[in-house]
Amino acid sequence: MIREARAGDLPAVESLVEAAYRPWADLIGVRPKPMDDDYAAHVAAGRLHVLDLPGGLPGEGGHAGIAGLIVLVPEEGVLLVDNVAVAPGLHGRGFGRRLLSFAEERARAAGLDALRLYTHARMEPNIALYRRLGYEITERRESGPRDVVFMAKRLPG
């Protein structure tokens with residue numbers, strides 16, 4: 001079940017984000033932006049949604065029953081997928097796809113016909129997943145240690 005996050009979810013959310021992005025930080029040599037986000041602000045604004053698993057997560061201590069999360073930020077004419085993360089032990093089970101499908105549902109409900117996101121160029125498996133889901137690269141921008149790939153997906157009308 002995907003639901004809006006609550007303040008009580010913050011410790012589990014921050015633990016999940018740390019675990020999900022730690023390998024990427026080691027690879028790219030800098031902490032990815034989501035590792036330093038203000039999740040309390042996202043909760044307060046209603047932008048953070050979590051994917052609960054009934055009965056909790058076996059072997060995933062610290063994340064409570066939260067298998068993944070997504071931060072959605074409405075922008076003019078588009079919904080920004082600011083962050084999507086899945087607990088590392090649960091990759092490959094379709095949870096990321098489920099969260100991104102939820103983003104599409106939210107965009108349509110808001111009358112928006114597109115989504116956008118960005119990621120580091122070295123996060124190649126993520127870029128490949130986004131492409132399989134219909135996202136297209138719109139821009140690539142290097143800024144210091146960050147090599148950012150911007151992607152967008154148009155939703156069929």
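Colleague: Which residues does Ala121 touch, not counting residues up to four places away in sequence?

Modeller: In this predicted model, Ala121 touches Ile127, Arg140, Asp147 and Val149. You will find Ala121 in the loop between S5 and H4.

Colleague: Why is Ala121 called buried?

Modeller: Buried means under 20% relative accessible area. Ala121 has 11% relative accessibility, so Ala121 counts as buried.

Colleague: Let's move on to H4. What makes Ile127, Leu129 and Tyr130 a group?

Modeller: They are the buried residues of helix H4, which runs over residues 124–132. They cover an arc of only 160° around the axis, so they sit on the same side of H4. On the other side, Glu124, Pro125 and Arg132 are exposed.

Colleague: What covers the buried residues of H4?

Modeller: The cover includes S4, helix H3, strand S5, strand S6 and strand S7. Just after H4 comes Gly134, with a positive phi of about 100°.

Colleague: How do you know that the span of H3 is close to the expected one?

Modeller: Helix H3 has 15 residues and reaches 21 Å from its first C-alpha to its last, and 21 Å is also what is expected at 1.5 Å a residue. The buried residues in H3 are Phe95, Gly96, Leu99, Leu100, Phe102, Ala103, Glu104 and Ala107. Gly111 follows H3 and has a positive phi, near 80°.

Colleague: Why does Asn83 count as buried?

Modeller: Asn83 has 2% relative accessibility and the cut-off is under 20%, so Asn83 counts as buried. Asn83 belongs to strand S4, residues 78–86.

Colleague: What makes the pair of Asn83 and Tyr21 a polar contact?

Modeller: The two side chains come to 2.5 Å.

Colleague: Which residues have the most contacts inside the largest nonpolar core?

Modeller: They are Leu69, Ile70 and Val81, in a core of 49 residues. Helix H1 gives the most to this core, with nine residues. As for Ile70, its contacts beyond four places in sequence include Val81, Asn83, Leu99 and Phe102.

Colleague: How confident is the predictor, and where does pLDDT stay under 50?

Modeller: The mean pLDDT of the protein chain is 91, and 94% of its residues reach 70 or more. Over residues 58–62, however, pLDDT stays under 50, and the model has six contacts for them beyond four places in sequence. Where pLDDT is low, the predicted coordinates should not be read in detail.

Note on methods
Residues are numbered from 1 along each chain as its sequence is written. Side-chain values use heavy atoms; hydrogens and water are left out. A nonpolar core is a set of buried Ala, Val, Leu, Ile, Met, Phe, Trp, Tyr and Cys residues joined through side-chain atoms within 4.5 Å. Buried means under 20% relative accessible area, exposed over 50%, partly exposed in between (1.4 Å probe, protein chains only). Helices (H or I, at least four residues) and strands (E, at least two) are DSSP runs, numbered from the N terminus. Contact means heavy atoms within 4.5 Å. A polar contact is a pair of N or O atoms within 3.5 Å; within protein, one must be able to donate a hydrogen and the other to accept it, and residues adjacent in sequence count only if both atoms are side-chain atoms. pLDDT is the predictor's confidence in each residue, from 0 to 100. The arc is that of the directions from the helix axis to the C-beta atoms. The expected span of a helix is 1.5 Å times one less than its number of residues.
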